[in-house]
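Thanks for coming. Please have the sequence and the coordinates open while I talk.

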Amino acid sequence: MDILTHLVDGFAAIFTPVVILAMVAGTVMGVLAGALPGLSATMGIAVLIPFTFGMEPLVALGLVAGIYNGAMYGGSIPAILLRIPGTPAGIATVFDGYPMTQQGRARLALRVSLYSSAFGSFVSALCLILLSPPLAALALKFGPSQFFWLAIFGMLCITSVLGGSLSKGLISTCAGLLMGLVGIDQITGAERYTFGSVHLVSGFSIIVVLTGLYAIPPALELAEKALRINSKDLNTGNRADDGFRMRSLLPVWLRSSVIGVIVGIMPGAGGNIAAVISWNEARRRAKEGDCYGKGDPKGVAAAECANNADTAATLIPALTLGVPGSAVAAVIMGVLLVHGLRPGPALFRDTAEITYGFMIAMGVTALMMIPIGALGSRLFINALRLPPLILAPGIIVLTSIGVYTVGNSIVEVWIMMIVGFVGYGMEKLEIPTAPAVLAIILGPMAESELRRSLLISGNDPTIFFTGVVNWIFILLIALMLALPLIRRRKARRAVTENQKVDT
Amino acid sequence: MTKTIFAGALAALAMSTGAVAAQDYPTRTINMVIAYSAGGGTDVAARTLVPFIEKYLPGDETIAVINKPGASGELGFAEIAKATPDGYTIGFINTPTSITIPIQREASFAFDQLKPIANVVFDAGSLVALPNNDFGDLAGLVEAAKAAPGTITYGTTGIGSDDHLSMLALQRAAGIELRHVPFGGSSEIRAALLGGHIALGSMNIGEVIDSVNEGELATFGQMGADRWDGAPEVPTFQEQGFDVVSGAYRGIGAPVGLDPAIIETLSTAIGEAVADEEFRAAAAEQALPLDYQNSDDFTATLTDLQGLYQALWDENPWVE
Amino acid sequence: MSTRDDISLTSSRVVVAELAAALGIAAIFALLAWVGTGYRGAAAFMPIAVSGLGCMAALTWAAGLLRKLPKASVEEDVTLSKPSLRRLATLAALMVAFVAAIPHLGFFTGILVFLTAAPVLMGLRPAWQAALAAAGLAVLLWLIFIVLLESPMPADLIFGG
């Protein structure tokens with residue numbers, strides 16, 4: 001009954017005034033970051049990482065939990081009012097949210113979005129709390145050979161975030177792997193790619209890279225687009241839908257939560273995919289009288305519930321195995337690292353109180369969203385009028401001072417800025433950045449676990465093929481590799497069948 | 001007119017500052033450089049100790065902790081070594097890295113640019129295995145290693161870490177050969193040990209004593225010259241006939257060339273801080289084996305250690 | 001559709017620009033692979049393998065573009081907006097100047113100047129909005145880092161320390 005005591009300890013740890021304040025502040029900041037087009041949860045947390053550095057771990061993680069959940073809801077505000085998704089995950093909310101605004105039912109759409117988001121986030125947090133401890137207990141038995149296969153599996157999952165072009169995805173992955181190599185090699189102690197600079201001997205700080213990659217390009221983008229929003233566009237309409245019963249959304253919520261959680265656990269896919277799948281699924285099951293795509297509250301509910309159900313679930317592989325499945329998870333791993341908490345099974349053993357506290361905070365902030373979203377709706381809507389030309393340099397200032405305080409080093413600020421420019425260039429060339437980030441983390445893990453396994457076995461490669469866990473990973477990897485082939489064959493068959501029909 | 005008088009006065013003042021500064025020291029905030037990131041072992045220990053040093057230093061000046069992590073500590077040590085030797089920049093100079101980095105590579109500081117002021121912690125090395133291991137005791141382990149050279153695996157926190165160097169010292173003293181498996185941190189060594197992936201784990205006694213007391217791990221001894229109060233039951237390696245004294249010193253140093261009077265002031269204040277009952281209680285909670293040494297003793301200890309590491313390196317460089 | 005404020009590019013020129021980027025990336029990977037050959041033993045495997053793979057991926061990309069080049073039209077179909085390029089260049093230049101100035105001015109003076117100048121030079125009117133935001137953020141960050149967290153910071157021109 002270890003888990004129960006840990007849960008009780010976790011509850012006690014987060015219900016202190018400071019942590020509650022942090023969770024409220026985080027949720028407010030998250031909704032704001034999500035609502036502002038161009039900013040996202042990843043960016044909000046990336047800017048914040050260095051600031052959390054002086055805080056108690058749970059205060060920092062309470063903030064992070066609030067931002068993560070809040071931003072997912074916040075993204076729906078401009079999606080509904082302006083047809084601009086505030087975050088990529090808000091894309092499916094546009095489908096039914098904006099038509100509702102055109103019908104003068106914006107206020108109802110926002111309310112549905114709020115409750116659906118809270119429901120999805122809460123279910124997701126429950127899954128995190130229930131699934132993580134057993135998975136971590138299992139991972140505790142892993143040795144170097146198992147971790148090697150796990151890292152390879154994680155890297156293969158990256159291929160699913162490669163996007164359109166395989167070669168561009170590979171470029172990004174290789175760039176990340178190379179950045180991970182910089183510094184002293186763990187196994188031989190040799191220096192690689194340091195070019196004689198003492199600042200590179202311990203490698204790139206993952207925090208500096210993440211902040212640069214996720215905070216600078218959005219800032220440059222804001223300046224480039226300089227989108228100004230007219231206050232008359234921010235009309236929430238005057239139709240009151242007090243007759244609408246939230247309870248009627250329950251079946252949609254349950255289905256969408258399951259979809260969101262499953263998509264979240266799988267490395268690679270993100271909240272936008274969860275939302276689109278869920279919205280399609282809801283439309284597929286449409287009954288008479290439903291009008292998906294033309295302003296059905298159920299459409300908003302399906303999309304928003306699923307993208308919020310994605311949040312805590314993406315943290316499951318990150319917290320238990322140390323394998324981030326998405327960019328946000330990588331950034332949250334960065335927050336843990338700042339506080340000396342190494343993601344992986346040890347998190348649930350050595351620092352159980354903090355880990356459980358964080359998981360509970362994910363659930364608590366989900367519920368907090370409802371009063372915060374209801375009370376602050378005017379504030380969030382008006383925040384859309386913040387001039388991007390002030391916002392952009394503001395973000396740069398925050399990240400610079402934040403990164404400086406982590407290492408008291410101006411060199412790291414330069415590194416962050418250069419990484420940021422490179423990241424912006426990558427976006428313009430349509431080279432995805434997510435594979436690079438995951439590769440920075442997983443590459444060194446794969447390399448050192450490979451060589452560590454061979455040291456243990458005395459260069460005997462059979463160590464990789466002994467034991468059930470190794471074989472499970474090998475089978476999963478084989479499946480991952482076979483999947484695109486199977487899919488292609490299916491597609492080809494579908495094409496030929498279509499041709500048959502045509503002729 | 002007034003200007004020249006003023007300048008003259010300033011010059012006279014400047015000539016006498018040496019003595020005056022030492023007498024009044026400290027008159028402003030002292031910076032304490034920590035070569036590791038916040039939240040790490042040394043950082044937590046330093047932040048626990050700082051209020052007590054402030055308490056015993058003359059005057060009401062404060063000490064600001066500045067983290068300068070990077071390059072296994074090189075950035076921080078270089079910051080201390082290159083600072084003006086006025087007593088306002090001090091910092092933790094941990095062994096073995098403050099000694100081994102200049103041995104291993106072209107470094108941005110030299111060991112003799114650092115002046116040891118006082119040692120605070122000595123965490124002796126220890127060697128652990130699962131309680132049901134086949135070796136029994138240290139003699140049994142050495143016998144087994146002699147029977148099958150280079151096959152018994154041991155985990156450390158990395159190449160050139162104190163865990164690694166203490167095992168190099170043991171292998172030299174006992175004439176055995178073991179197989180080194182470096183890990184990223186001591187929690188990883190522990191997990192690999194408990195999972196049965198490696199046979200031995202080289203960790204500091206302060207890190208393992210709780211697990212040993214709980215019966216989760218068994219220890220072959222501690223590598224201090226004397227037994228640590230926190231582990232009075234655990235025999236030292238010397239008691240068992242192997243002349244291995246090894247571990248990690250965490251003490252305070254300053255740039256060389258510091259006024260001896262300031263060294264004395266600092267060293268005394270740190271000594272009083274380490275002796276403070278309240279601090280000792282906090283240290284016990286963090287399982288910090290305290291070992292105060294004044295400037296002369298600490299300097300002698302580190303100089304000896306430097307000779308030892310240099311000899312080990314010349315014999316068998318641990319980095320390719 | 002294009003106005004005086006827009007720069008029109010033919011899609012063939014866009015492809016050429018992309019091609020240059022792809023070849024540049026391939027060259028960087030090749031250079032890193034060459035550096036990797038200098039490492040000894042097991043430490044050399046990953047650097048060579050990874051940069052080799054990256055180089056090949058970049059060349060594949062370049063080859064794909066090369067194939068696209070003859071098909072690319074010479075019509076003007078990509079437009080870049082001059083004002084937005086100007087804003088981007090202004091911000092990038094000011095960012096670099098900001099970081100370069102920090103060791104001399106200090107963080108908070110730097111923030112005050114940068115955060116006033118950047119929005120105004122990018123075209124924000126009225127200017128007092130930028131000045132107000134700059135002053136507000138500088139004071140807020142000063143309160144957080146100096147008063148609350150007591151972080152060590154470079155000496156500041158206006159805020160002292």
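This is a predicted model: local features need pLDDT of at least 70, side-chain atom pairs count only at pLDDT 80 or more; totals for chains, interfaces and linings use all residues.

Residues are numbered from 1 along each chain as its sequence is written, chains are lettered from A in the order written, and side-chain values use heavy atoms, without hydrogens or water.

Chain B has 11 helices and 10 strands, taken as DSSP runs (helices H or I, at least four residues; strands E, at least two) and numbered from the N terminus. Its C-alpha trace spans about 90 × 40 × 30 Å along the principal axes. Of the 320 residues in chain B, 54% are buried, meaning under 20% relative accessible area, with exposed over 50% and partly exposed in between (1.4 Å probe, protein chains only).

Now the salt bridges: a side-chain nitrogen of Lys or Arg within 4 Å of a carboxyl oxygen of Asp or Glu.

In chain A, Asp185(A) pairs with Arg192(A) at 3.6 Å between the closest N and O atoms, and both residues are buried. Arg451(A) bridges to Glu447(A) at 2.7 Å. Arg451(A) is buried at 11% relative accessible area, and Glu447(A) is buried at 6%.

In chain B, Asp43(B) and Arg47(B) form a salt bridge at 2.9 Å, N to O. They sit 4 residues apart in helix H2 (residues 41-56), so about one helical turn separates them. Asp43(B) is buried at 3%, while Arg47(B) is partly exposed at 40%.
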